Amino acid sequence: MGGFAKEVEVSTSLPPAKAFKAFAEDLDTLLPTVAPQAIKSVERLEGDGGPGTIKKITFAEGGYGFSYAKHRVDVLDKDNFLYTYVVIESDFFNNMVEKISYETKFVAAADGGTRIKVTTTFYTSGDIQITPDLMLQIKEASEKRALILKAIENYELANPDI
């Protein structure tokens, strides 16, 4: 199994506790609400939402170019604002990717907002090499993910009492 990691940092004006709640704890309900064109549903298959929980995200037709992803929550640390999960199954994988892990840290910014640091590690199946085509697919999925995160931020800002 080969792999590579990609780090991204984004900022939000939401304070860390609010950002963590929106982007980690409430993600299941917010995704289909703020991005119905991309996310059809999020279904909890096992667990209570904390570590060990298995979720299935069903994508809207044409939203991502693949139809589903299952992921397992590994860490949901409310005290340290750390959320990690692993995509363990998806039709995106096409026997090329074994799993994708995401480590998301929410760090207070000087302006009262939050810097969200995401480290994404892609693990390829067997001895499969990362091809330019796979890199393009990963880049496109990352760009769509960033748009959804922005939609969540906008929703939270427009609905501060929710």
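## Fold and salt bridges of a predicted chain

The chain is built from three helices and seven strands (DSSP runs, H or I of at least four residues for helices and E of at least two for strands, numbered from the N terminus). This is a predicted model, in which local features need pLDDT of at least 70 and side-chain atom pairs count only at pLDDT 80 or more, while totals for chains, interfaces and linings use all residues. Residues are numbered from 1 along each chain as its sequence is written, and side-chain values use heavy atoms, with hydrogens and water left out.

Let's start with the overall picture. Along the sequence, the elements follow the order β-α-α-β-β-β-β-β-β-α. The radius of gyration of the chain is 16 Å, close to the 15 Å that the globule rule gives for 162 residues, so the chain is as compact as a globular protein of that length. Here the radius is taken over C-alpha atoms, and the rule is 2.2 Å times the number of residues to the power 0.38. Those C-alpha atoms fill a box of roughly 45 × 30 × 30 Å along the principal axes.

Of the 162 residues, 39% count as buried (under 20% relative accessible area, with exposed over 50% and partly exposed in between, using a 1.4 Å probe and protein chains only).

Now to the charged side chains. The model has 10 salt bridges, each defined as a side-chain nitrogen of Lys or Arg within 4 Å of a carboxyl oxygen of Asp or Glu. Three of them are set out here.

| Salt bridge | Closest N and O atoms |
|---|---|
| K18 and E156 | 3.1 Å |
| K55 and D28 | 2.8 Å |

E156 is buried, with a relative accessible area of 6%.

The salt bridge between K55 and D28 also links distant parts of the chain: K55 sits in strand β3 (residues 54-59) and D28 in helix α2 (residues 27-34), 27 residues apart. Both partners are buried, K55 at 3% relative accessibility and D28 at 15%.

Elsewhere, shared partners join D28, R44 and K55 into one salt-bridge network.
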